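Open the viewer and keep the sequence panel beside it. We will go from one selection to the next.

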Amino acid sequence: MIIAGNFKTNHTRSSTLSYAKGLNQFLRDRQFGAEVYLFPPMSALAYDDFSHFSIGAQNAYPVCGGAYTGEIGLDQLNELQIKTLMIGHSERRVLLGESDQICQRKFEFFAHHGMNIFLCVGESLEVRQAQKVREFLALQLSGIDLSYARLIVAYEPIWAIGTGVSASLIEIQETHAILKDLGCSRVVYGGSVNPQNAREIMSLDGVDGVLVGGASLRLESFCEIIENGEMK
Ligand code: PGA
């Protein structure tokens with residue numbers, strides 16, 4: 001199972017570091033088989049030298065460096081030995097106007113440099129109600145080399161993110177089947193995953209793990225989700 005925590009704009013550098021130490025110790029003591037990732041805010045990015053999980057960046061610009069105010073590029077990630085990047089989270093697409101084209105450019109650049117990439121896709125409620133989910137996801141994936149071995153697609157329906165209402169098990173299973181059919185090999189689900197629903201979600205066919213926002217903010221709750229992934 002792949003289990004990832006997305007802090008978004010939560011936690012400080014110091015609270016992230018103590019969380020990360022606790023997480024590493026938990027994973028070391030319990031010897032879990034899960035692939036665990038943590039995406040802290042940019043200011044809390046630390047050297048990725050934790051032996052039992054990987055630190056990822058929530059965003060980066062597709063350049064080594066240069067005049068891109070407010071962004072970080074490959075040089076900054078390399079300095080911290082960060083090898084994992086999230087691209088296209090719906091909050092960036094919706095709030096910051098990130099287009100499919102810029103997501104493609106980011107994918108191309110960072111895949112060329114061998115990074116692990118979490119590419120987030122997911123439809124709005126309108127798209128789902130219009131029964132256009134497959135077409136919409138296919139569009140978000142167009143131009144992405146789905147055979148890239150270090151790609152993890154995160155299916156995150158916009159209407160389920162941060163709302164406390166996750167997609168139903170049927171909706172998750174059907175949509176993951178669509179994504180697999182479109183050629184995605186590893187697909188994780190995100191959208192109101194918590195310690196109560198994580199096990200059922202992770203036991204569905206076609207679900208290779210979860211991307212957790214709100215419920216990852218407390219270490220105890222994230223650890224419970226990791227335990228649930230082991231018990232599937
Ligand atoms: P949530 O966020 O778990 O708080 O719904 C998930 C995400 O946005 O990655």
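This is a predicted model: local features need pLDDT of at least 70, side-chain atom pairs count only at pLDDT 80 or more; totals for chains, interfaces and linings use all residues.

Which residues is leucine 23 in contact with, leaving aside its neighbours within four places in sequence? Select leucine 23 and look around it.

**The cores**

Now widen the selection. Leu23 belongs to the largest nonpolar core, which has 65 residues. Leu23 and Ile117 have the most contacts inside that core. Next, select Ile2, Ala4, Phe39 and Ala154. They are among the 11 residues of a second, separate core.

**The whole chain**

Zoom out and switch to a cartoon view. The protein chain has 9 helices and 8 strands. Its radius of gyration is 17 Å, close to the 17 Å that the globule rule gives for 232 residues, so the chain is as compact as a globular protein of that length.

Of the 232 residues, 54% are buried. Take the contacts with a separation of 6 or more: 72% of them join residues 24 or more positions apart. Now show the surface. The accessible surface comes to about 10,500 Å², and 50% of it belongs to carbon and sulfur atoms. Colour by charge next. The chain has 19 positive and 26 negative charges, and their mean positions are 3 Å apart.

**Glutamate 35**

Select glutamate 35, in strand β2 (residues 35-39). Is this residue buried or partly exposed? Glutamate 35 has 32% relative accessibility, so it counts as partly exposed. Beyond its neighbours within four places in sequence, glutamate 35 is in contact with Met1, Ile2, Ile3, Ile152 and Arg186.

Most residues other than glycine have a negative phi. Here are two with a positive value.

Go to glutamine 81, in the loop between α2 (74-79) and β4 (84-87). Phi of glutamine 81 is near 55°. Glutamine 81 counts as partly exposed, at 41% relative accessibility.

Finish at serine 192, in the loop between β7 (187-190) and α8 (198-202). Phi of serine 192 is near 60°. Why does serine 192 count as buried? Its relative accessible area is 16%, and buried means under 20%.

Conventions. Residues are numbered from 1 along each chain as its sequence is written. Side-chain values use heavy atoms; hydrogens and water are left out. A nonpolar core is a set of buried Ala, Val, Leu, Ile, Met, Phe, Trp, Tyr and Cys residues joined through side-chain atoms within 4.5 Å. Buried means under 20% relative accessible area, exposed over 50%, partly exposed in between (1.4 Å probe, protein chains only). Helices (H or I, at least four residues) and strands (E, at least two) are DSSP runs, numbered from the N terminus. The radius of gyration is taken over C-alpha atoms; the globule rule is 2.2 Å times the number of residues to the power 0.38. Contact means heavy atoms within 4.5 Å. Accessible areas come from the Shrake-Rupley method with a 1.4 Å probe; for residues, only the protein chains shown count as cover. Lys and Arg count as positive and Asp and Glu as negative; His and the chain ends are not counted. The place of a charge is taken as NZ of Lys, CZ of Arg, CG of Asp or CD of Glu.
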